[in-house]
Amino acid sequence: MGAFSEFLQEIDHEAHRGRTEQIFNWITDKYPQLETEIKWNQPMFTDHGTFIIGFSVSKKHLAVAPEHVALQHVEADIKQAGYDYTKEIIRIPWNREVDYELLAKIIDFNIWDKANCATFWR
């Protein structure tokens with residue numbers, strides 16, 4: 001969790017820090033090929049230099065940023081999970097369970113869809 005250690009330490013709320021670390025550990029375990037980076041003060045996972053998924057923390061939720069194309073791909077799943085979302089982020093409230101199946105679907109899609117992507121963003 002090297003790249004994310006400082007980011008995690010800056011999360012004041014202990015339960016929020018623990019949940020965020022749990023999600024990062026889950027991604028690292030499930031997708032060991034992904035690299036961890038901090039860009040624009042946000043922790044993100046990348047694959048061969050291209051963005052896969054990023055996160056940010058707020059008082060009420062953890063924001064998941066997968067890029068608009070991936071968000072559109074899983075829109076029905078986001079609605080089914082009951083999460084609020086915009087065209088760029090999904091908000092997972094701190095008081096709700098994390099839908100790891102949804103996260104896997106997003107990450108799997110981005111890895112597949114960006115396999116030949118030579119740029120950071122689509």
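Predicted model: local features only at pLDDT ≥ 70, side-chain atom pairs only at ≥ 80, totals over all residues.

Q: Is Lys 79 buried or exposed?
A: Exposed. The cut-off for that is over 50% relative accessible area. Lys 79 has 54%, so it counts as exposed.

Q: Switching topic. How many helices and strands are there in the chain?
A: Five helices and six strands. In sequence order the pattern reads α-α-β-β-β-β-α-α-β-β-α.

Q: What order do the strands have in the sheet?
A: β1-β2-β3-β4-β6-β5. The sheet is open, has six strands and pairs antiparallel. The edge strands are β1 (35–39) and β5 (84–85), each pairing on one side only.

Q: What does β5 pair with?
A: Strand β6, residues 90–93. That pairing is antiparallel and runs over two bridges. In one of the links to β6, Asp 84 has Arg 91 as its bridge partner.

Q: And what holds paired strands together in general?
A: Strands of a sheet pair through backbone hydrogen bonds, parallel or antiparallel.

Q: Now Phe 55. Which strand is it in?
A: Phe 55 is in β3, which covers residues 50–57.

Q: Is Phe 55 buried or exposed?
A: Buried. The limit is under 20% relative accessible area. Phe 55 has 1%, so it counts as buried.

Q: Which residues does Phe 55 touch, leaving aside its neighbours within four places in sequence?
A: Its contacts include Ile 23, Phe 24 and Ile 27. Also among them are Gln 42, Pro 43, Phe 45, Leu 62, Ala 63 and Val 64.

Q: Zooming out. What is the radius of gyration of the chain?
A: 13 Å. A compact globule of 122 residues would have one near 14 Å, so the chain agrees with that. The C-alpha trace spans about 40 × 35 × 25 Å along its principal axes.

Q: How much of the chain is buried?
A: Buried residues make up 42% of the 122. The chain exposes about 6,900 Å², with 48% of that from carbon and sulfur atoms.

Q: Last one, charges. How many positive and negative side chains?
A: 13 positive and 19 negative. The centres of the two sets lie 7 Å apart.

Note on methods. Residues numbered from 1 in each chain as written. Heavy atoms only, no water. Helix = DSSP H or I, 4+ residues; strand = E, 2+ residues; numbered from the N terminus. Buried < 20%, exposed > 50% of the residue type's maximum accessible area, 1.4 Å probe, protein only. Contact = heavy atoms within 4.5 Å. Rg over C-alpha atoms; globule rule 2.2 N^0.38 Å. Areas by Shrake-Rupley, 256 points an atom, 1.4 Å probe, with all protein chains shown as cover. Lys, Arg positive; Asp, Glu negative; His and termini not counted. Charge placed at Lys NZ, Arg CZ, Asp CG, Glu CD. Pairing = 2+ DSSP bridges.
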